[in-house]
Amino acid sequence: MNVYEGVVHVFRTAFDNPNLELNYLMATGDIREWDSFKNVEILLACEEYFGFRFRSKEIDAIKTVGDLIEISEKKLASKTP
Amino acid sequence: MGFLFSTPKVEEVLQETRRLLKATKAAEAATILRRAEKKNVYHQDFPLLWSKIHTITGNLDARYESLEHFLSFNTTDVLHHLKVIDSLIEDRDFELAQHFLDRTKRRFPLSGLPHNAQAKLHCKEQDFEAAAQCLIKKQQYGRLDDSDIAILYEIRKGIAGKPQEFSKALFTSDQARGILRRFSYERFESLGIDCEFGFLQRHYGREPLSLFRWGAMPLQSLMTLFSQHFKGFASPETASLNLLFDAETGETEYRFIDTHYEYEAHTFFTRKNVGVAETETSLLPKVRSHFSLLARKLQEDLEDAEKIFLYKSDVPLSIAQCQELHLAMRSIGPCKLLVVMRQQNQQAPDHPLEIIAPDLVIGYVDYFWTDADNPKAPDPSLARWDHVIQHAYSHFIAHFPEMDIV
């Protein structure tokens, strides 16, 4: 499973919608009930799913789904195997 | 490396290949990709990784083919095409980046995004005037957005306070000034005492995640939280939910409470938006995780000490009290603190900051939103707040008088 698919899985679980589709430019508010509280839930779910922890600066840099995917990819790439 | 002998997961392949490329181990990276492809494991970024391998080995024709291959996956998405430019800028091959960028501009003549990429490229080439010209051009295709902020800062730094024709025009444009002003609000982190600054950030289009944006604790507890390095915050022993009725909104909301630090925050969970099966017991672990993450985030911010921390006090604080709070914060990191209080003398001073120490200032606003005599109630005193924020921003962050956004 790649990062995009992982993030889609996290969003579908968070919004309890198995058919939810994402695109890279989507941001807070683009889905009903997507607010800042939901953002924390998504971040926590991504941390658990991918097995890393976001740094504060990374969280601040995430504005869109694309940012979340890109930062997650970078974090996975920099994880020591 | 065991995954090489079984079917590798695409994520592991990407991760391992990028790691090897970082160490310029092209042969090993190629082996990983080749093995994955043989096992029909594929990702659309593989051609980009191949292009990097060919860059290291000096096989320029193969690199060009890999980039073409990557572009062929998606001929209609400008962001996909710009990934090639980013990759080439990362490899510092500015000539080839320019070649692909020219092609992207021809393919997507109505998009402003290639002008952002062009500005980025000019910045890398240290041509900051040309970069400024690109962002001016981008404004003709739409608006500057968050993706331009880093470039604006790079240009501002690059021209080192000596703007010429295009940079002067850029930094005096409403869009650039507006975006820099909005961005400045993101550099501040509220420490309470209420949500006024959180709403100001929202007014300027910023929605940062922050422990004290929608929460507060008494000053003494705040200092204890910092001096104890957040010890035990949101622990099962001290955390609870309290269902509160707000007579103004008619809503019943769960508030998160940490009894040890006397912290109380909005959860925005109301009877309307939580499932019928949810109870306080089922909600609490979720809410605790939420606030634990925010606490962890704040602690990192205090350690990194890059943000400007803002403590609004609705009662006048002495300089000694401000220094005490600052000292507690400095037990974690060398933080910058802006304390905002209501000015006692209604005559607005020219400079709304009192500088106590290089990294401790006090700002004064005319009214707080909840003040009984606030003529704009329930709104904050926007202009006055902005005056304080922009002066504090200029004080703490590099100051460029020629392009002052105050």
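Where in chain B is B:Ile193 found? B:Ile193 sits in the loop between strand S1 (188-190) and helix H12 (196-203). The model is predicted; local features need pLDDT of at least 70, side-chain atom pairs count only at pLDDT 80 or more, and totals for chains, interfaces and linings use all residues. Residues are numbered from 1 along each chain as its sequence is written, and chains are lettered from A and ligands numbered from 1 in the order in which they are written.

**View 1. A cis peptide bond at B:Ile193.** The bond joins B:Gly192 and B:Ile193. Its omega is about 10°. Helices (H or I, at least four residues) and strands (E, at least two) are DSSP runs, numbered from the N terminus.

**View 2. Positive phi at B:His229 and B:Ala234.** B:His229 has phi near 55°, a positive value in a residue other than glycine. B:Ala234 is not a glycine either, and its phi is about 60°. B:His229 lies in the loop between helix H13 (219-227) and strand S3 (239-246) of chain B. B:Ala234 also lies between H13 and S3. Are these residues buried or exposed? A residue is buried if 20 or more other C-beta atoms lie within 10 Å of its own, exposed if 12 or fewer, and partly exposed in between; C-beta atoms are placed from the backbone. B:His229 counts as exposed because it has 12 C-beta neighbours inside 10 Å. B:Ala234 has 24 other C-beta atoms within 10 Å, so it is buried.

**View 3. The largest nonpolar core.** A nonpolar core is a set of buried Ala, Val, Leu, Ile, Met, Phe, Trp, Tyr and Cys residues joined through C-beta atoms within 7 Å. This one holds 69 residues. A:Val7, B:Phe309, B:Leu310, B:Met329, B:Leu337 and B:Leu338 touch the most other members. Helix H14 (residues 280-304) of chain B gives the largest share, six residues. Apart from this core lies another, of 19 residues, including B:Leu152 and B:Phe183.

**View 4. Contacts of B:Leu310.** Two residues are in contact if their C-beta atoms, placed from the backbone, lie within 7 Å. Leaving aside neighbours within four places in sequence, B:Leu310 contacts B:Phe188, B:Glu189, B:Ser190, B:Leu191, B:Phe197, B:Leu338 and B:Val340.

**View 5. The loop at B:Leu317.** B:Leu317 is found between strand S6 (308-312) and helix H15 (319-330) of chain B. It counts as partly exposed because it has 16 C-beta neighbours inside 10 Å. Beyond four places in sequence, B:Leu317 is in contact with B:Cys322, B:Val339 and B:Met341. B:Leu317 and B:Met341 are 24 residues apart along the chain, with their C-alpha atoms separated by 7.8 Å.
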